[in-house]
Amino acid sequence: MKHYFKYPLLLTIAFLMSLSIVSCSDKDDDPMKVWDYYAIEMMVRVSDANGNDLLAPDVENPLLNTIYISYDGEDYQLDAANEPQKASSRHYEPIWRGCNLVYNKVLSAYCVAIGEWDAFDSDGMVDFYVGGRHHVLSFTNEVIPVNNKGEYNFTRMYYQDFTLISEGKTPVGVYDIVIR
């Protein structure tokens with residue numbers, strides 16, 4: 001009778017030992033980290049020569065109905081009805097929203113939010129129209145791998161009418177249009 005229990009008992013012990021070998025390790029290899037990078041977006045402030053915010057809702061004769069962009073062969077009218085909603089999950093993927101009127105708390109101004117582009121896009125360009133005027137807004141994005149675990153450094157340059165206006169790592173380019 002002992003003979004019948006010997007093999008299942010040995011198999012169970014061998015199985016449990018193999019689990020302990022696999023699950024325990026003295027050396028903790030650097031686990032792969034998950035990196036989430038912000039999408040690239042353009043924020044356009046429109047003001048007069050005195051610095052007054054021309055996109056604010058309390059401004060007389062606003063330019064809101066004259067604003068639109070052209071991007072990738074499509075025209076997008078300004079959506080001033082509501083601000084774009086942010087993603088509800090922790091994983092964030094860029095969503096092209098065209099152009100929307102938003103109040104930017106950091107800039108303390110109403111802005112036209114344009115985008116979004118993927119954090120790894122190498123460049124982007126839109127034609128911005130306001131009050132019968134045309135401006136070219138663009139960015140370039142250099143992506144440099146730091147290691148083979150998904151960590152990257154970015155160098156982004158933002159241009160207004162082909163003139164460099166800012167450079168750095170920020171995912172938001174801030175453009176200032178002055179209507180005289």
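This is a predicted model: local features need pLDDT of at least 70, side-chain atom pairs count only at pLDDT 80 or more; totals for chains, interfaces and linings use all residues.
Residues are numbered from 1 along each chain as its sequence is written, and side-chain values use heavy atoms, with hydrogens and water left out.

For Phe, Tyr and Trp, the last by its six-membered ring, two rings pair if their centres lie within 6.5 Å, and planes under 30 degrees apart count as stacked, over 60 as edge-to-face and the rest as tilted. The count by this rule comes to 14 aromatic pairs. One of them is edge-to-face, because the rings of Tyr37 and Phe120 have their planes at 90°, with 5.6 Å between the centres. That pair links distant parts of the chain, 83 residues apart, with Tyr37 in the loop between α1 (2–23) and β1 and Phe120 in the loop between β5 and β6 (123–130). For these element names, helices (H or I, at least four residues) and strands (E, at least two) are DSSP runs, numbered from the N terminus. Phe120, at 38% relative accessibility, counts as partly exposed.

A stacked pair is formed by Tyr71 and Trp96, at 4.4 Å centre to centre and with 25° between the planes. Tyr71 lies in strand β2 (residues 68–71) and Trp96 in the loop between β3 and β4, so this pair ties together parts that are 25 residues apart in sequence. Both residues also belong to one aromatic cluster, which is formed by Tyr71, Tyr76, Trp96, Trp117, Phe139, Tyr158 and Tyr175.

A ring can also have a charge over it, by which I mean NZ of Lys or CZ of Arg within 6 Å of the ring centre and within 35 degrees of the ring normal. Arg156 lies in this way over the face of Phe154, at 4.4 Å from the ring centre.

Now to the charged pairs. How many salt bridges does a search of the whole structure find, if a salt bridge is a side-chain nitrogen of Lys or Arg within 4 Å of a carboxyl oxygen of Asp or Glu? The search finds two.

In one, the side chains of Asp176 and Arg45 meet at 2.6 Å, N to O. Asp176 lies in strand β10 (residues 172–179) and Arg45 in strand β1 (residues 40–48), so the pair ties together parts that are 131 residues apart in sequence. Asp176 counts as partly exposed at 38% relative accessibility, and Arg45 counts as partly exposed at 25%.

In the other, the side chains of Arg97 and Glu116 meet at 3.1 Å, N to O. This pair too links distant parts of the chain, 19 residues apart, with Arg97 in the loop between β3 (74–77) and β4 (99–104) and Glu116 in strand β5 (residues 109–117). Are Arg97 and Glu116 buried or exposed? Both are buried.

Gln160 is found in strand β8 (residues 152–160) and counts as buried at 14% relative accessibility. If contact means heavy atoms within 4.5 Å, then Gln160 touches His135, Val136, Leu137, Ile165, Tyr175, Asp176 and Ile177, not counting residues up to four places away in sequence.

Last, the cysteines. With a disulfide taken as a pair of cysteine sulfur atoms within 2.5 Å, the count comes to zero. Cys99 counts as buried at 2% relative accessibility, and Cys111 is buried with a relative accessible area of 0%.

Methods: Buried means under 20% relative accessible area, exposed over 50%, partly exposed in between (1.4 Å probe, protein chains only).
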